[in-house]
Amino acid sequence: LNITVYVLFLLLQVLGAVILGFGIWILADKTSFIVVLQRSSPSLQTGAYILIGVGALTMLMGFLGCLGAVNEIRCLLGLYFTCLMIILLTQIAAALVIYFQKEKLRDELSDIVVGLIKKYDPSDEDKRSLQDAWDYVQTQIACCGWTGAKEWENNEILRNKSYTEYPCSCSNRSKDLVEGGGFCSLDDPVNGTATYADWPVHEQGCMDGVEQWLKDNVGIILGVCTGVAVIELLGMILSISLCKNIHSEDYTKVPKS
């Protein structure tokens, strides 16, 4: 039993460290799509702090649970069980909210990206990290815009230049990708005003790429979430079992004064 206790509580320590690390990664990441969401949506940043808190709490509870099991301290085991139950219920509630609000979340995400594209300005140092992150997404997924390149026609700078320039990170030509970000010029200027159809860019919108990535990795995501829930459930079962088996102290053996 002692080996089982140690192994389970060690798994909880690792689990807490993973959750903590994931929260820190969301706050510290400066290159991926996460930073686009983080800078544009306060709820994601709040969620990152919640993850850090949950991870730290899970590690602390793992330590206290192990201490309570080894020393047969009922209050620590009870506290451990209660905290694990709260964390598990919170995760279930979050999953339900995401599932039932997925269309609303998709619309909010679309508004964030469309607004970013409209205001995209390579000379704006204040938004450099946010814009670099979006350039990274378009380059890695080989996409352009959220639903397509046409959204870039709403960009104020490109409109003023009669669309004779286009976002380098959208380009399907390797020489443009060297730039990494900003705008590239058309090799053959179009008479009059050009359109996005004249740009050498990817046709696929990034929304399709992101959704495809989620579909390709949904099994891994569900597997990790299920594994986390199972470990927490085992911790709850073990803690309540140990708590019931702990005998009350026999105070009759204490010498009378």
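This briefing describes the annotated transmembrane spans, disulfides, salt bridges and backbone details of one predicted model.

Residues are numbered from 1 along each chain as its sequence is written. Because the model is predicted, local features need pLDDT of at least 70 and side-chain atom pairs count only at pLDDT 80 or more, while totals for chains, interfaces and linings use all residues; side-chain values use heavy atoms, with hydrogens and water left out. The structure holds three disulfides and five salt bridges.

**Transmembrane annotation**

- An unreviewed UniProt entry carries the annotation "transmembrane region" for residues 6-28, 48-70, 76-100 and 220-242. UniProt positions are given in the numbering used here, feature names are shortened, and annotations may be inferred rather than shown by experiment.
- Residues 6-28 are 100% helix and 0% strand, and their end C-alpha atoms lie 32 Å apart. Helices (H or I, at least four residues) and strands (E, at least two) are DSSP runs, numbered from the N terminus.
- Residues 76-100 are also 100% helix and 0% strand. The end C-alpha atoms of this span are 36 Å apart.

**Disulfides**

- A disulfide is a covalent bond between the sulfur atoms of two cysteines. Here a pair of cysteine sulfur atoms within 2.5 Å is counted as one.
- With bonded cysteines counted along the chain, the disulfides follow the pattern 1-6, 2-4, 3-5.
- Cys143 is joined to Cys206, with an S to S distance of 1.9 Å. The link of Cys143 and Cys206 is right-handed, with 85° about the S-S bond. This pair links distant parts of the chain, 63 residues apart: Cys143 is in the loop between helix 6 and helix 7, and Cys206 is in helix 9 (residues 206-245).
- Cys143 and Cys206 are buried. Buried means under 20% relative accessible area, exposed means over 50%, and partly exposed is in between (1.4 Å probe, protein chains only).
- The sulfur atoms of Cys144 and Cys170 are 2.2 Å apart and form a disulfide. The torsion about the S-S bond of Cys144 and Cys170 is about 90°, so this disulfide is right-handed. Cys144 lies in the loop between helix 6 and helix 7 and Cys170 in the loop between strand 1 and helix 8, so the pair ties together parts that are 26 residues apart in sequence. Cys144 and Cys170 are both buried.
- Cys168 is bonded to Cys184 (S to S 2.0 Å), and this link is right-handed, with 115° about the S-S bond. Cys168 sits in the loop between strand 1 and helix 8, whereas Cys184 is in strand 2 (residues 183-185), 16 residues apart. Cys168 is buried at 0% relative accessibility, and Cys184 is buried at 8%.

**Salt bridges**

- A salt bridge is a side-chain nitrogen of Lys or Arg within 4 Å of a carboxyl oxygen of Asp or Glu.
- One of the salt bridges pairs Arg128 with Glu125, where the closest N and O atoms are 3.0 Å apart. Arg128 is partly exposed at 30% relative accessibility, and Glu125 is exposed at 56%.
- Lys161 and Glu165 form a salt bridge at 3.2 Å, N to O. Lys161 is partly exposed, with a relative accessible area of 38%, whereas Glu165 is buried at 15%.
- Arg173 and Asp176 also meet in a salt bridge, at 3.2 Å from N to O. Arg173 is partly exposed at 23% relative accessibility, and Asp176 is buried at 6%.

**Contacts of Ser169**

- Ser169 is in the loop between strand 1 and helix 8 (174-177) and is buried at 1% relative accessibility.
- The Ser169 side chain makes polar contacts with the side chains of Asp135 (2.8 Å) and Gln138 (2.7 Å). A polar contact is a pair of N or O atoms within 3.5 Å; within protein, one must be able to donate a hydrogen and the other to accept it, and residues adjacent in sequence count only if both atoms are side-chain atoms.

**Positive phi angles**

- Most residues other than glycine have a negative phi.
- Ala142 has a positive phi, near 60°. Ala142 is in the loop between helix 6 (128-141) and helix 7 (156-160), and is partly exposed at 29% relative accessibility.
- Tyr163 has a positive phi of about 60° and is not a glycine. Tyr163 lies in the loop between helix 7 and strand 1 (165-167), and is buried, with a relative accessible area of 12%.
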